[in-house]
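Subject: Structure handover

Hello,

The structure for your next piece of work is below. My notes on what was found in it follow directly after.

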Amino acid sequence: MADEIATIISSLGLSNEAFLAIVLLAFVVIGAIIVIVASRPILDIYPYLQPNARVRARKGRLFDEKQISELVDANNVDDVTNYLRGSPDYAEHLDEYPLEKALDVQLGETYDMVARLAPSSVQSSFKVLAKQSDIDNIKSLLIAKEAGLDKEATEELLIPAGSLYEDISRLSDAETVTDVVAGLDGTEYAPVLEEVIPQYENTGMVLPFESALNKYYLEKLLKSTESPADENTQILYSYIGNQVDVANIKLILRAKADGLDYDAISPYMISNGYQLREWKLKDLMESQDVTGVISSLEGTKYADVLTELLPEYNETGSVAIFEKALDKFLVDSAKSASMKKPIGIGPIIGYLSQKEVEIRNLKVIARAKREADFPVSRLREMLV
Amino acid sequence: MVEIALGTALAAIGAGVAIGFAGLGSGLGQGMAAAGSVGAVAEDNDMFARGIIFSALPETQAIYGFLIAILLLVFSGLLGGGSGLSTTAGIVAIGVGASIGFAGLGSGMGQGIAAASSVGAIVEDTDMFARGIIFSALPETQAIYGFLIAILLMVFGGILA
C-alpha cells in the first residue's frame with residue numbers, strides 16, 4: 001500500500017515534501033470553509049447570549065398568576081405596597097415614591113435597561129422605546145401647566161426616568177403651556193410641539209400636543225425597524241408594527257364612536273402602518289361608524305380579534321371591549337414572537353411585554369384597592 | 001536537521017487537526033456558555049457555581065482532541081523517539097485527527113449554544129437545572145462518536161498496534 005502511494009506520488013512528479021504541502025493546504029482550505037460555514041449562525045447568536053441571560057433573570061422575578069391573585073385578594077392598597085416590598089425590583093422605589101409612581105419608575109428603568117443591553121443591530125429600536133418615559137413626562141408637564149399646578153405639584157407628576165428628566169424637571173416652574181414648549185427648545189420634541197401650538201391656541205386643550213407626541217413616537221419607532229436585515233429584526237418589526245397598527249385602530253374606533261369624520265381623524269394617524277397601509281387606513285377612516293371600521297378590517301388579523309365582539313358592542317355601545325381585545329392581541333403576539341427566536345430577540349421582547357403587562361395590572365390593582373369595597377370579581381376582569 | 005518520515009509528518013498533521021478543530025469548537029462553545037453565564041451572574045450572584053458548570057461542559061471536546069493528538073504524537077514517534085510511521089499509517093492518522101477534530105468542532109459549538117440557553121432558563125427558573133444539564137449533555141455524543149472512531153482507526157490502522 002505504501003509503495004503504491006509512493007508510486008502514485010512519484011508518478012505525479014511530486015516529492016514527499018510537495019505532497020505533504022498539498023495535503024496540508026487541502027486541510028487548511030477545507031478547515032477554513034468549515035469554520036466560515038459553522039461560524040455564521042454563531043455570529044447571529046453571540047450578541048444575544050448575555051442580554052438574554054439578563055432579561056431572563058428578570059423575567060424569572062416577574063409575578064406569576066398565583067402572586068397576582070394574592071395581590072388581587074389584598075385588603076387594601078397598603079397590603080399591596082407591603083407585598084411589593086418583597087420584590088427587589090420594586091422595593092427600592094417604594095421607599096422613595098408613592099406606589100403608582102414607583103411602578104412607573106420601574107417601567108422607565110426597564111426600558112432604559114433593555115436599551116442598554118440590546119445588541120447593536122436592534123438597539124436603536126429599544127432606545128426609541130425608552131423615550132416613552134420622556135414623552136410621558138412632557139405630557140404630564142403640559143397637563144400640569146394647563147391645570148395651573150405649581151412647581152411642587154408638577155414635580156410630583158414627573159417620573160424620574162428617561163434621558164430628559166433633568167431638563168423636563170427644570171421646566172416644572174414654567175408659567176404656561178407655551179413656556180414649556182419654548183423650554184424644550186433644542187430637544188427633538190420641540191418642532192413636534194411647536195407645530196401644534198396654533199391648534200392648542202384655538203382649542204385651549206393640550207390634546208393636540210399629546211396626539212402629536214404619540215404620533216411622533218410611534219412613527220419613530222416604526223421607522224427604526226422598517227428595514228429588517230435578518231430574522232431578529234424581522235420579528236422586532238412585526239412586534240413594533242403590531243403596536244402601531246393597534247394604536248391606529250384604537251384611535252379610529254374611538255373617533256368613530258364619537259362621530260368624527262376623515263378630516264378630523266387623519267392628522268393624528270400614523271400614515272403608513274405595518275399591516276394597515278395608507279390606503280387601508282383611508283378606508284377605515286372613511287367608514288361610517290364602528291361597525292363599518294370592523295367590516296373594513298376584514299382580511300387582516302385584527303378582524304379575527306374584533307369581529308366576534310360586535311354583538312357585545314351593539315349591546316353596550318362601548319369601544320372599551322375592542323381596546324381590551326386589542327391589548328390582549330398585542331400581549332399574545334408578543335408572546336408568540338418571543339418563542340420564535342429563543343436565542344435571539346425573543347426573550348427580550350417576551351420580557352418587555354410581560355413587564356408592561358405586570359405594571360399595568362399592578363396599577364389596576366392599586367387603583368381598585370384604593371376604592372372601598374371594589375368587587376374582586378370586577379378587578380379580575382379588568383386585568384390583562 | 002532531524003529527518004522525519006512522511007508517515008510521521010502526516011500523523012503530525014493529524015494531531016494538529018485533532019486538537020485544532022476540537023479546540024476551536026470547544027472554545028466557541030465555551031465562549032457562548034460563559035457569555036450567557038456572565039449575564040446570569042450579573043443579575044443573580046447565586047448563579048456563579050451553576051454558570052461555571054455549564055461553561056465547563058464544552059471543555060470535553062478539547063480534552064478528547066488533546067488526548068488523540070498526544071497519542072498520535074507518541075505512537076508516530078514524534079514524542080518518545082519511536083520508529084516512525086509508514087506513509088499509509090500517516091494517512092490513517094490524518095483520518096484520526098479529522099474524526100475527533102470535526103466531531104469536536106460541531107459538538108463544542110452545539111453544546112455551547114445549549115449550555116448558554118440552559119443558563120438563561122435556570123436563571124429564570126432554578127428548577128430547570130437538571131433538565132438543562134441533560135439537554136446540554138446531548139451534543140456531547142457527537143464528540144464521543146468522533147473519539148471512538150479515532151481510537152478504532154488508530155487500533156486497526158496500525159498506529160496503536
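Chain B has 6 helices and 0 strands, where helices (H or I, at least four residues) and strands (E, at least two) are DSSP runs numbered from the N terminus. Read from the N terminus, its elements run α-α-α-α-α-α. Along the principal axes, the C-alpha atoms of chain B fill a box of roughly 60 × 30 × 20 Å.

This is a predicted model, in which local features need pLDDT of at least 70 and side-chain atom pairs count only at pLDDT 80 or more, while totals for chains, interfaces and linings use all residues. Residues are numbered from 1 along each chain as its sequence is written, chains are lettered from A and ligands numbered from 1 in the order in which they are written, and side-chain values use heavy atoms, with hydrogens and water left out.

Interface between chains B and A

The contact (heavy atoms within 4.5 Å) involves 31 residues of chain B and 29 residues of chain A. About 2600 Å² is buried between the two chains, 78% of it on carbon and sulfur atoms; buried area here is the accessible area (1.4 Å probe) that two parts lose on being put together, summed over both. Three residues, B:Leu6, B:Glu43 and B:Glu124, supply 24% of the area that chain B buries against chain A, more than any other three residues.

Between chain B and chain A there are 6 residue pairs in polar contact, both residues being at pLDDT 80 or more. A polar contact is a pair of N or O atoms within 3.5 Å; within protein, one must be able to donate a hydrogen and the other to accept it, and residues adjacent in sequence count only if both atoms are side-chain atoms. On the side of chain B that touches chain A, helix 1 (6-43) and helix 4 (87-124) each supply at least two residues. Helix 1 of chain B has the largest share of that side, 16 residues. By class, the residues of this side are 22 nonpolar, 7 polar and 2 charged. In this scheme Ala, Val, Leu, Ile, Met, Phe, Trp, Tyr, Cys and Pro count as nonpolar, Asp, Glu, Lys and Arg as charged, and the others, Gly among them, as polar.

Salt bridges

The criterion is a side-chain nitrogen of Lys or Arg within 4 Å of a carboxyl oxygen of Asp or Glu. Over all chains, the search finds 23 salt bridges, and the count between chain B and chain A is 5. One salt bridge joins the side chains of B:Glu124 and A:Arg56, at 3.1 Å from N to O. Another joins A:Arg54 and B:Glu43, at 2.9 Å from N to O. That pair crosses between chains, from helix 2 of chain A, which holds A:Arg54, to helix 1 of chain B, which holds B:Glu43.

Cavity and pocket

Both were searched for on a 1 Å grid over the protein atoms alone: a cavity is a set of points where a 1.4 Å probe fits but cannot get out, a pocket is an open set with protein on both sides within 12 Å along at least five of seven lines, and lining residues have an atom within 4 Å of a point. Grid points are joined across faces, edges and corners, and a volume is the space filled by probe spheres set on the points.

There is 1 cavity of 30 Å³ or more. The largest cavity has a volume of about 70 Å³. Its lining includes A:Arg56, A:Pro342, B:Ser117 and B:Gly120. Helix 2 of chain A gives the largest share of that lining, 4 residues. The lining of the largest cavity divides into 6 nonpolar, 3 polar and 1 charged residues.

The second largest pocket holds about 690 Å³ of space. It is lined by 23 residues, of which A:Phe63, A:Glu65, A:Val357, A:Asn361 and A:Val384 are the closest to its centre. Helix 22 of chain A gives the most to the lining of this pocket, with 6 residues. By class the lining of the second largest pocket has 8 nonpolar, 7 polar and 8 charged residues.

Regards
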